[in-house]
Amino acid sequence: MEMQEIKERMHSGKLYFCNDKALLAEQAACLEILYDFNQTRPSEAERRRALLEKLFASFGEGSYIEPPLHTNWGRHVHMGRDVYANFNLTLVDDTHIYIGDKVMFGPGVVVDAATHPIHPELRRRQAQYNLPVVIEDNVWIGAGSIILPGVRIGENSVIGAGSVVTKDIPANVVAVGTPCRVLREISEHDRQYYEKTRRIDIE
């Protein structure tokens with residue numbers, strides 16, 4: 001299979017073999033940049049940003065990722081403005097991952113756009129297919145959550161820690177669990193209280 005066809009299949013949801021030598025060589029070049037990012041010192045904020053701008057398809061103004069970061073490619077990640085990601089964010093970006101503005105990631109979150117067929121013979125040959133992931137503006141994804149291929153999370157929603165998101169989540173809700181389900185809508189109560197009966201006392 002020619003490289004152009006492989007890349008087309010990577011981004012179309014079709015099966016392809018991810019062990020192509022030319023593909024792996026191209027991926028390795030991206031991972032060299034990722035390695036450099038993960039070796040930076042806390043004082044090297046400008047260098048960190050420059051490396052992520054080189055690695056990602058886009059990296060918005062005011063965004064920050066705490067190392068270590070893990071990603072399959074990096075170049076298929078589209079990150080908006082003022083995103084904050086705590087340590088050990090994993091982006092399995094064999095196809096596109098779209099992250100909106102003001103998104104927050106807790107520690108150890110996995111966003112996975114790649115998967116494999118069920119049949120063992122195909123898996124033995126390293127067959128793979130990919131489905132893009134979309135995380136809309138102002139979403140908060142709690143620590144240890146896993147976002148699976150093809151999922152869209154609507155704006156302003158909160159994903160509870162440890163959730164496994166297998167299906168789309170609408171906007172303006174709190175969703176938790178394995179598999180992740182909508183618990184409730186974000187309400188006027190959340191405008192007044194930040195934790196059960198603890199009233200918000202700052203402006």
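**Notes on the predicted model**

1. Tyrosine 84, at 32% relative accessibility, counts as partly exposed; buried means under 20% relative accessible area, exposed over 50%, and partly exposed in between, with a 1.4 Å probe and protein chains only. The model is predicted: local features need pLDDT of at least 70 and side-chain atom pairs count only at pLDDT 80 or more, whereas totals for chains, interfaces and linings use all residues. Residues are numbered from 1 along each chain as its sequence is written, and side-chain values use heavy atoms, with hydrogens and water left out.

2. The structure holds two aromatic pairs. Rings of Phe, Tyr and Trp (its six-membered ring) pair if their centres lie within 6.5 Å; planes under 30 degrees apart count as stacked, over 60 as edge-to-face and the rest as tilted. The rings of phenylalanine 56 and phenylalanine 59 have centres 5.9 Å apart and planes at 65°, so this pair is edge-to-face. Phenylalanine 56 is buried at a relative accessible area of 4%, and phenylalanine 59 is also buried, at 9%.

3. Tyrosine 64 and tyrosine 84 form a stacked aromatic pair, with 6.1 Å from centre to centre and 10° between the planes. Because tyrosine 64 lies in strand S3 and tyrosine 84 in strand S6 (residues 84-85), the pair ties together parts that are 20 residues apart in sequence. Helices (H or I, at least four residues) and strands (E, at least two) are DSSP runs, numbered from the N terminus. Tyrosine 64 counts as partly exposed, at 32% relative accessibility.

4. Tyr64 and Tyr84 also contribute, with Met104 and Trp140, to a nonpolar surface patch of about 390 Å². Patches are made of residues with over 30% relative accessible area and no salt bridge; like charges are joined within 9 Å, and nonpolar side chains (Val, Leu, Ile, Met, Phe, Trp, Tyr) within 5 Å. Accessible areas come from the Shrake-Rupley method with a 1.4 Å probe, and for residues only the protein chains shown count as cover.

5. Which residues of helix H3 are buried? In H3 (residues 45-55) they are Arg48, Leu51, Leu52 and Leu55. They cover an arc of only 95° around the axis, which puts them on the same side of H3; the arc is that of the directions from the helix axis to the C-beta atoms. On the other side of H3, Glu46 and Lys54 are exposed. The packing partners of the buried residues are helix H2 (21-38), strand S2 (58-59), strand S3 (64-65) and strand S4 (69-71), where contact means heavy atoms within 4.5 Å.

6. A search of the whole structure finds 11 salt bridges, each being a side-chain nitrogen of Lys or Arg within 4 Å of a carboxyl oxygen of Asp or Glu. One of them joins glutamate 53 and arginine 49 at 3.0 Å, N to O. Both residues lie in helix H3, four residues apart, or about one turn of the helix. Glutamate 53 is partly exposed at 45% relative accessible area, as is arginine 49 at 24%.

7. Helix H1 (residues 3-10) holds glutamate 5 and arginine 9, which are four residues apart and thus separated by about one helical turn. Their salt bridge has its closest N and O atoms 3.9 Å apart. Glutamate 5 is partly exposed at 36%, and arginine 9 is partly exposed at 22%. An α-helix has 3.6 residues a turn, so residues three or four places apart point the same way.

8. Arginine 81 and aspartate 82 form a salt bridge whose closest N and O atoms are 3.8 Å apart. Salt bridges that share partners join Arg81, Asp82, Asp101 and Lys102 into one network. Arginine 81 is partly exposed at 41% relative accessibility, and aspartate 82 is partly exposed at 33%.

9. Backbone geometry deserves a separate entry. The peptide bond from proline 67 to proline 68 is cis, with omega near 0°, and proline 68 lies in the loop between S3 and S4. The bond from threonine 178 to proline 179 is cis, with omega near -5°; proline 179 is found in the loop between strand S19 (173-176) and strand S20 (181-185).

10. Asparagine 88 has a positive phi of about 65° although it is not a glycine, and lies in the loop between S6 and strand S7 (89-92). Glutamine 126, likewise not a glycine, has a positive phi of about 65°; its place is in the loop between helix H4 (120-124) and strand S12 (127-130). Asparagine 88 is partly exposed at 30%, and glutamine 126 is partly exposed at 38%.
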